Amino acid sequence: MRHFFTVGISLMLAATAFAASPEEIMKNAQAAFFYQGVDFKARVVMTLIGKGGAERKRELTMLRKNYGQPGGEQKYFIYFFKPLDVKDMAFMVYKYPKKDDDRWLFVPGLNMVRRIAAQDAHSSFVGSDFTYEDVSGRDLGDDTHAIAGEEKCGSLDCYVIKSAPSQKSGAAWAHKLSWIDKGSFLPFKEEYYDKKGDLMKVFTAVEVKEVSGRLTVTRRRMENVQTGTKTEVVYVKADYDIGIEDSLFTERFLKQPPKRLVE
């Protein structure tokens, strides 16, 4: 198990010799964080923490399947169990390289499947501090990347990468800094800044465990420093390469998913 501890920020802006380009580092980070295994299943507890500390918990199952190499097509399926106000809600993503993803949300109270528009990718995911885009990831080609330095992440040696969205792609943030572990290439921290240069939100990989022989972020936090809210996500059970059928990722199963897969 590894833990990430916040350290003081002191970017090394002087010219430094790096073994990899920023694009290669971010590609490896994307593969380590979003693409490990052929498929993946996790039972998840999401805790929404208000400015005053009040907590609301949500329980869900997330399933993911890769199609091709890391950075290529993926499909996601998320099913909510608790509490009652989100029970039976389901979310599905078809993720594509170099074009807008397709996203659908089933709202059981209305018995309706709603298509999520591409511009809504930056909005809150079911009221949390994570966006829809945070859940399934962002196309690396949508941003430009530069190496801002190297730093210690607790006991780990990390690259610090500065990313900025292209005018064509757009984003809810103006730039972000990512701390990427040189060993695992997992992102241990990300800071998102607005157009004024003010810090908006901070992602932290709180806990990393080995799951089926793969280092996996099993506890993560997104904190909105401007609103004072934060969301913590914990994998209470997870596994890779379980053999998820392609048939799961259909609009029909958004309304009634197979229990053997989501339980």
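Modeller: Happy to! Let's begin with Arg214, which touches Gln36, Gly37, Lys209, Tyr240 and Asp241 when residues up to four places away in sequence are not counted; contact here means heavy atoms within 4.5 Å. Please keep in mind that this is a predicted model, where local features need pLDDT of at least 70 and side-chain atom pairs count only at pLDDT 80 or more, while totals for chains, interfaces and linings use all residues. Residues are numbered from 1 along each chain as its sequence is written, and side-chain values use heavy atoms, with hydrogens and water left out.

Arg214 belongs to strand S13 (residues 214–224); helices (H or I, at least four residues) and strands (E, at least two) are DSSP runs, numbered from the N terminus. Among the neighbours, Asp241 has a side chain joined to that of Arg214 by a polar contact of 3.2 Å. A polar contact is a pair of N or O atoms within 3.5 Å; within protein, one must be able to donate a hydrogen and the other to accept it, and residues adjacent in sequence count only if both atoms are side-chain atoms. Arg214 counts as partly exposed because its relative accessibility is 25%, given that buried means under 20% relative accessible area, exposed over 50%, and partly exposed in between (1.4 Å probe, protein chains only). Looking back along the chain, Thr204 is 10 residues from Arg214, and their C-alpha atoms are separated by 19 Å.

The whole structure has 17 salt bridges, each being a side-chain nitrogen of Lys or Arg within 4 Å of a carboxyl oxygen of Asp or Glu. In one of them, the side chains of Arg43 and Glu59 meet at 3.8 Å, N to O. This pair links distant parts of the chain, with Arg43 in strand S2 (residues 39–49) and Glu59 in strand S3 (residues 55–67), 16 residues apart. Arg43 is partly exposed, with a relative accessible area of 26%, and Glu59 is also partly exposed at 26%.

Lys65 counts as buried because its relative accessibility is 14%, whereas Asp246, at 43%, counts as partly exposed. Elsewhere, Glu133, Arg138 and Asp143 are linked in a network of salt bridges.

Finally, let's look inside. The structure holds one cavity of 30 Å³ or more, and about 730 Å³ of space lies in the largest cavity. Of the 42 residues that line it, Phe33, Phe34, Asp134, Val135 and Arg220 are the closest to its centre. On a 1 Å grid over the protein atoms alone, a cavity is a set of points where a 1.4 Å probe fits but cannot get out, and lining residues have an atom within 4 Å of a point. Grid points are joined across faces, edges and corners, and a volume is the space filled by probe spheres set on the points. Helix H1 (residues 22–34) gives the largest share of the lining, six residues. By class, the lining has 28 nonpolar, five polar and nine charged residues, where Ala, Val, Leu, Ile, Met, Phe, Trp, Tyr, Cys and Pro count as nonpolar, Asp, Glu, Lys and Arg as charged, and the others, Gly among them, as polar.

Methods:
1 Å grid on protein atoms, 1.4 Å probe; cavity = no way out; pocket = protein on both sides within 12 Å on 5 of 7 lines; lining within 4 Å.
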